[in-house]
Each structure stands twice: as C-alpha cells, then as structure tokens.
Amino acid sequence: MHVSIIGKSCSATYIADQQLAIPLFLDRVPAGFPSPAQDYVERTLDLNELCIKHPAATFFVRVEGDSMIEVGIYPNDILVVDRSVRADHGDIVIAGFHGELTVKELALKPITRLIPRNKAYPAIEVPEGCELDIFGVVTSVVRNMRRKSSAKP
C-alpha cells in the first residue's frame, strides 16, 4: 500500500478564522434497527477541531492499495497524519522503509515490524540496524461514502 501526500494543514490561526460550524446532534444514530431522529442540536462541530489537534504538524495523504482494509482504511481514503505524535506500538503510521512510503501498523515488540492489516500481505520485518523513518501517526480517516461523487441526489 502506497501513500501520496495531498496537502498540509494550515496554521492554527488560519483554521480558527475559517471555522465552518456544522450542527452536531445530541442523539447517536443506531447502526442497527432505525429509530426516529431527534431534532435537538447539541452544539456545532468544526471538522478541523475534530481531526486536527496540531495544525502545524498535520498533513494529509491519499491511500493507494488494500493492505489496511481490515482496520477500515481503503484505497482513495484520505488519512490525517500528525507528525508531532510519538508513534507507539500498535499505532497506524506513515513509514519510510527502503525508500518507499507506506501505511502500516507499527509493531515494536518483540521485534520492530510494519504490519499490514490484510491477510494477503506479509509483515515487513525491520532488521536491527536498518533505518525506519516514521513520518507521522494516522489520527483520522476521511472517506467519501458515495459510489459516484458526481451523482445527483
């Protein structure tokens, strides 16, 4: 699975000035049996506030490939990546290994590995002494759920 950088977050000041207030409803939507929706708005929500904690250290990448589908990351998804977050065991990261960028789960125990989350792909072991660059930790996934983005309702 490869990633390509598609953009970088702006400064915190710019984001604060550009807030888009979208209603956030108090009731949760069940994924099972449907129930009538409530009309009560809890507050407004800005997606920058939800997805970007460190604007100066955040960038976006578009996913190519299917090695992470078991954790809900699919081709063409956009990942929100924070460079200021320290990568820990189990985090989904953007890593540079052997000159290529990839998105994988970082395993630090018992040995360092990059683990795909698709059974069709093997883990990538990082031998002692090899260089592994962690470009950031994936904090959010943005996906267009429409099958045809140009389709009219």
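How many helices and strands are there in the protein chain? There are 2 helices and 10 strands.

## Model and confidence

This is a predicted model: local features need pLDDT of at least 70, side-chain atom pairs count only at pLDDT 80 or more, and totals for chains, interfaces and linings use all residues. Residues are numbered from 1 along each chain as its sequence is written, and side-chain values use heavy atoms, with hydrogens and water left out.

The mean pLDDT (the predictor's confidence in each residue, from 0 to 100) of the protein chain is 80. A score of at least 70 is reached by 67% of the residues. Strand β8 (residues 113-115) has the highest confidence, at a mean of 97. Strand β1 (residues 2-8) has the lowest, at 51. Where pLDDT is low, the predicted coordinates should not be read in detail.

## Fold and surface

Along the sequence, the elements run β-α-β-β-α-β-β-β-β-β-β-β. Helices (H or I, at least four residues) and strands (E, at least two) are DSSP runs, numbered from the N terminus.

Contact means heavy atoms within 4.5 Å. Among contacts with a separation of 6 or more, 58% join residues 24 or more positions apart. The chain has 153 residues, and 29% of them are buried (under 20% relative accessible area, 1.4 Å probe, protein chains only). It exposes about 10,600 Å² (Shrake-Rupley method, 1.4 Å probe). Carbon and sulfur atoms supply 55% of that area.

## The nonpolar cores

A nonpolar core is a set of buried Ala, Val, Leu, Ile, Met, Phe, Trp, Tyr and Cys residues joined through side-chain atoms within 4.5 Å. The largest one holds 11 residues: F59, V61, V63, M68, I73, L79, V81, I92, I94, V103 and V138. Strands β4 (58-64), β5 (78-82) and β6 (92-97) each give two or more residues to this core. The largest share, 3 residues, comes from β4. Another core lies apart from it, with 8 residues that include V93, A95, F97 and V137.

L79 lies in strand β5. Is L79 buried or exposed? L79 is buried because its relative accessible area is 0%. Beyond its neighbours within four places in sequence, L79 contacts F59, F60, V61, V63, I73, I94, V103, V138, S140 and V141. L79 and V141 are 62 residues apart in sequence, yet their C-alpha atoms are 4.7 Å apart.

I92 also belongs to the largest core. Leaving aside neighbours within four places in sequence, I92 touches M68, V71, I73, V103, K104, E105, G136, V137 and V138.

Technical notes: Buried < 20%, exposed > 50% of the residue type's maximum accessible area, 1.4 Å probe, protein only.
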